[in-house]
Amino acid sequence: MADAALSEEPKFCLSEVLDSFKTCLTENKEIIIDQYVAGWRGLTRFMNSLGTIFSFISKDAVDKIQIMVKHRNDVNGPRYVTVQSMVKYELDNGLVDLTKRSSFPESGCRTLLRLHRALRWLELFLERLRTSAEDSKTSVMCSEAYNESLAQFHPWLIRKAAGMAFCALPGRSTFFEVMNVGTPEQVVVMLGDALPLISEVYQLTEDLYLKHKLLDIP
Ligand SMILES: CCCCCCCC/C=C\CCCCCCCC(=O)N[C@@H](COP(=O)(O)O)[C@H](O)/C=C/CCCCCCCCCCCCC
């Protein structure tokens with residue numbers, strides 16, 4: 001209790017994070033940016049609670065969250081309510097560097113693409129956690145998920161640094177405790193409920209970006 005009272009950041013709770021990803025989908029399958037970003041903010045809180053070795057990872061995610069928040073708070077914020085409206089607005093107005101980085105290094109489309117790629121890592125990692133045995137290693141699950149997703153977009157140095165950080169991950173049981181959900185069985189149930197929604201958010205974004213040829217924004 002004293003820790004929670006003294007800490008500046010609210011305690012991480014996996015269910016809140018998963019709720020953000022769940023509620024970011026509207027009835028007509030648009031993705032609400034505020035909710036999407038809230039999900040990532042919660043995840044970075046979790047990363048920060050794991051120690052300073054992970055700060056270079058959470059720092060990049062925090063930077064990208066801040067860029068998205070800046071767009072939302074800007075005069076054109078209403079154009080950034082959903083991923084779909086953002087893509088339309090930025091493409092219609094030529095606000096995305098499509099072939100090389102130049103005038104718009106902080107476009108919403110580019111920034112969200114980086115988080116979108118990381119969401120695939122999250123999906124793969126959480127699915128491994130959900131189906132893992134008691135003696136499974138989080139470092140192995142994490143690096144397998146990373147190698148199948150984000151690694152292809154990262155240079156050698158970042159891949160090495162990420163690999164070193166994964167080795168410092170706590171074990172499965174500590175991991176489950178920090179999630180602050182309840183028993184391991186309850187964590188497994190919650191992940192089973194939330195993963196299809198995370199997959200849906202990922203797939204909708206992937207399809208949208210594919211349709212508009214945005215998957216390779218430099
Ligand atoms: C209770 C749930 C368990 C899961 C908790 C996961 C917590 C995840 C929180 C944050 C994830 C970090 C997301 C990283 C975003 C990376 C975006 C990116 O690819 N950025 C690179 C490219 O950006 P630009 O230069 O083009 O602007 C950037 O170069 C990357 C820098 C940092 C390193 C990224 C390493 C990524 C490893 C992801 C795995 C996180 C492992 C956490 C394990 C709990």
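Predicted model: local features only at pLDDT ≥ 70, side-chain atom pairs only at ≥ 80, totals over all residues.
## Annotated domain

The unreviewed UniProt entry assigns the feature "domain: Glycolipid transfer protein" to residues 33–180.

## Surroundings of the ligand

The ligand has 22 residues around it, and those that come nearest are Leu43, Asp60, Ala61, Arg114 and Ala118. Two or more residues of the shell are given by each of the helices α3 (33–49), α4 (55–73), α6 (108–131), α7 (138–147) and α8 (156–167). Helix α4 supplies the largest share, with 5 residues.

By class, the shell consists of 17 nonpolar, 2 polar and 3 charged residues.

## Packing of helices α5 and α6

Helix α5, formed by residues 83–92, packs with α6 at an angle of about 140 degrees, and the axes of the two helices are 9 Å apart. Angles over 145 degrees would count as roughly antiparallel and those of 65 to 115 degrees as roughly perpendicular; the pair α5 and α6 is therefore classed as oblique.

On the α5 side, the contact is made by Val83, Met86, Val87 and Glu90, while α6 takes part through Gly108, Cys109 and Leu112. The residues of this contact divide into 5 nonpolar, 1 polar and 1 charged.

## Phenylalanine 46 in helix α3

Phenylalanine 46 is part of helix α3. It counts as partly exposed because 18 C-beta neighbours lie inside 10 Å. When residues up to four places away in sequence are not counted, phenylalanine 46 touches Phe12 and Val178.

A further distance relates phenylalanine 46 to glycine 171: the two are 125 residues apart along the chain, and their C-alpha atoms are separated by 15 Å.

## Two loop residues with positive phi

Lysine 29 is located in the loop between α2 (14–23) and α3. Its phi is near 65 degrees, a positive value in a residue other than glycine. Lysine 29 has 13 C-beta neighbours inside 10 Å and so counts as partly exposed.

Asparagine 180 is located in the loop between α9 (172–179) and α10 (184–211). Phi of asparagine 180 is near 60 degrees, again a positive value in a residue other than glycine. With 15 other C-beta atoms within 10 Å, asparagine 180 is partly exposed. In the UniProt record, the annotated domain ends at residue 180.

Glutamate 200 belongs to helix α10. Its 15 C-beta neighbours inside 10 Å place glutamate 200 in the partly exposed class. In sequence, glutamate 200 and lysine 29 are 171 residues apart, but their C-alpha atoms are 9.2 Å apart in space.

Valine 187 also lies in helix α10. A residue is buried if 20 or more other C-beta atoms lie within 10 Å of its own; valine 187 has 22 and is therefore buried. Leaving aside neighbours within four places in sequence, valine 187 is in contact with Phe176, Met179, Val181 and Gly182. Valine 187 and arginine 172 are 15 residues apart in sequence, and their C-alpha atoms lie 12 Å apart.

Conventions: Residues numbered from 1 in each chain as written. Near = placed C-beta within 6 Å. Helix = DSSP H or I, 4+ residues; strand = E, 2+ residues; numbered from the N terminus. Nonpolar A, V, L, I, M, F, W, Y, C, P; charged D, E, K, R; others polar. Axes fitted to C-alpha atoms, helices over the stretch in contact; angles between N-to-C directions. Parallel < 35°, antiparallel > 145°, perpendicular 65-115°, else oblique. Contact = placed C-beta atoms within 7 Å. UniProt positions renumbered as here; feature names shortened; annotations may be inferred. Buried ≥ 20, exposed ≤ 12 C-beta atoms within 10 Å, placed from the backbone.
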